[in-house]
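Please read the points below with the model open beside you.

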Amino acid sequence: MHQPDPHQASESTTACRICALGSDHPGITIDDQQICNLCSLNQVEGLLDNYRYTSEVFAEFQAAAPAAGDYDCLFMYSGGKDSTYMLDLFVNEYGKQVLAYTFDVPFESVHAAQNIALAREKIDATFVVDADDDNIKLMMREVFNRPAPAKPGRYLDEKLPCVSCRTFFVLKAILWAYRENIPYIALCADPQQILTMESNVREVVRGFYKTFGEQLTGTLFGEQLEDLLFDEDENLPKIVFPFIAMRHDYDPDRIVEVLRAKGLYESSPLETHCTLFPLLNYYSYKNWGCMFYKLNASSHVRSVKRNADYDRNTFSIKFPRSLDLGEVDARLGEVVMAIAKGEGQRADHEATLVALFKRMDASEDAARFVARSFLDMRSVASELGIRLDD
Ligand SMILES: [Zn+2]
């Protein structure tokens, strides 16, 4: 077997025997059968309520009469295949007047404008691109540099920088819809995000204040958010989650087929990815002892174990059928922390990382590409003013 694993098996920590999530993972508890709350479905009731509410709001949106203003909805458009598919459906099947809103995230490798050129030509919507580089970078620096939330933490705390980035641009979209009097906001959220995605815009705003405090929130957004907090419900936009409402139909291969037939898809070797990915892993290892994708990977392991025929991809990431998650997680953590501290040899780290990513089903090229981005972690951090020293 392997040498002792620094990330597991301390006396107070156990791992779920189905999905390998640890008892110290934020939001996770493990019972005396050594099964976690996600595997034993303790959350199923709250989950069903969320699904029911999401489906109701979506049905209400589909049936709604045209809005009084110029647009029936603000559609958060990333330019990826899922959101392109849904944008086309909203405009051409549901007949909605759509403002396609793209937030240009400065951490994405390929910028928004390049992604949306094809859709602009073929889909009859109004396209806008919004950006706020200085403020989103300021917020990210703050998330990384300050202490993590107190243990035991809440669900998704290990992904706090990623969740914060997303919440930042959802707030920008909410403010845009509010100013322009657009009654609905469509968000192509992953079905896995249902536990934490807030459908009520006032709650999204409250959550941000709670995480970042009044002072920083004021610096980032001025006083605009306060207007939202104190306005009447009927003046606030509602958020709809079309993919969650239609979750049973989600099929990535069919989406690509449909987009190809409509000339809306060009496969590109330059898939958009986040340049902060290595730092997101640093954050989750440093504060929570797990890799950034632990929850996604454990959800995959759970599905495979429940259903031997399971071969559907999770929403956006692929994992191999068999994955020794506990071990891959621990090895990756050792390399990430060594790189962060500037220890060890570049070539050794690269070889280890390539082997690990291949075990997670990456091709040789993809594994090498991602490995190199990890090796650059320190320079990306220093450009953004993120401190890696402990
Ligand atoms: Zn589990």
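1. Two residues are in contact when heavy atoms of theirs lie within 4.5 Å. Taking the contacts in the chain with a separation of 6 or more, 75% are between residues 24 or more positions apart. The model in which these contacts are counted is a predicted one.

2. How far does the confidence of the prediction reach along the chain? The mean pLDDT is 87, and 88% of the residues reach 70 or more. Over residues 1-11, however, the pLDDT is below 50. That stretch has 13 contacts in the model beyond near neighbours in sequence. Where pLDDT is low, the predicted coordinates should not be read in detail.

3. The chain has 390 residues, and 49% of them count as buried. Its secondary structure consists of 15 helices and five strands.

4. The crossing of α4 past α5 is right-handed.

5. Which residues make the contact between α4 and α5? From α4 come Asn-135, Ile-136, Met-139, Met-140, Val-143 and Phe-144. From α5 come Leu-160, Pro-161, Ser-164, Cys-165 and Phe-168. By type, the residues of this contact are nine nonpolar and two polar, with no charged residue.

6. Ile-136 deserves a separate look, as a residue of helix α4. Is Ile-136 buried or exposed? Its relative accessibility is 0%, so Ile-136 counts as buried. Leaving aside neighbours within four places in sequence, Ile-136 touches Cys-165 and Phe-168, and also Phe-103, Pro-106 and Phe-107. Ile-136 and Val-105 are 31 residues apart in sequence, while their C-alpha atoms are 8.3 Å apart in space.

7. The loop between α4 and α5 is where Pro-152 is placed. The peptide bond that joins Lys-151 and Pro-152 is cis, with omega of about 5 degrees.

8. Helix α12 (residues 325-341) and helix α13 (residues 346-359) form another pair, with axes that come within 10 Å and cross at roughly 150 degrees. This makes α12 roughly antiparallel to α13. The crossing of α12 and α13 is left-handed, whereas α4 passes α5 in a right-handed one.

9. On the α12 side, the residues that meet α13 are Glu-327, Val-328, Arg-331, Leu-332, Val-335, Ala-338 and Ile-339. On the α13 side they are His-349, Thr-352, Leu-353, Leu-356, Phe-357 and Arg-359. This contact divides into eight nonpolar, two polar and three charged residues.

10. Ala-338 belongs to helix α12. With a relative accessibility of 15%, Ala-338 counts as buried, because the cut-off is under 20%. Apart from its neighbours within four places in sequence, Ala-338 is in contact with Glu-343 and His-349. The C-alpha atoms of Ala-338 and His-349 are 8.6 Å apart, and the two residues are 11 positions apart in sequence.

11. Ser-298 is found in helix α11, residues 294-306. What is the relative accessible area of Ser-298? The value is 0%, so Ser-298 is buried. Setting aside neighbours within four places in sequence, Ser-298 is in contact with Cys-19, Leu-21 and Leu-325.

12. Phi of Gln-34 is near 65 degrees, a positive value in a residue other than glycine. Gln-34 sits in the segment before α1, and its relative accessibility of 35% makes it partly exposed. Phi of Asn-181 is near 60 degrees, also positive in a residue that is not glycine. Asn-181 lies in the loop between α5 and β4, and at 59% relative accessibility Asn-181 counts as exposed.

Note on methods. Residues numbered from 1 in each chain as written. Predicted model: local features only at pLDDT ≥ 70, side-chain atom pairs only at ≥ 80, totals over all residues. Heavy atoms only, no water. Left-handed = near helix turned anticlockwise from the far one by under 90°. Helix = DSSP H or I, 4+ residues; strand = E, 2+ residues; numbered from the N terminus. Nonpolar A, V, L, I, M, F, W, Y, C, P; charged D, E, K, R; others polar. pLDDT = per-residue confidence, 0-100. Buried < 20%, exposed > 50% of the residue type's maximum accessible area, 1.4 Å probe, protein only. Axes fitted to C-alpha atoms, helices over the stretch in contact; angles between N-to-C directions. Parallel < 35°, antiparallel > 145°, perpendicular 65-115°, else oblique.
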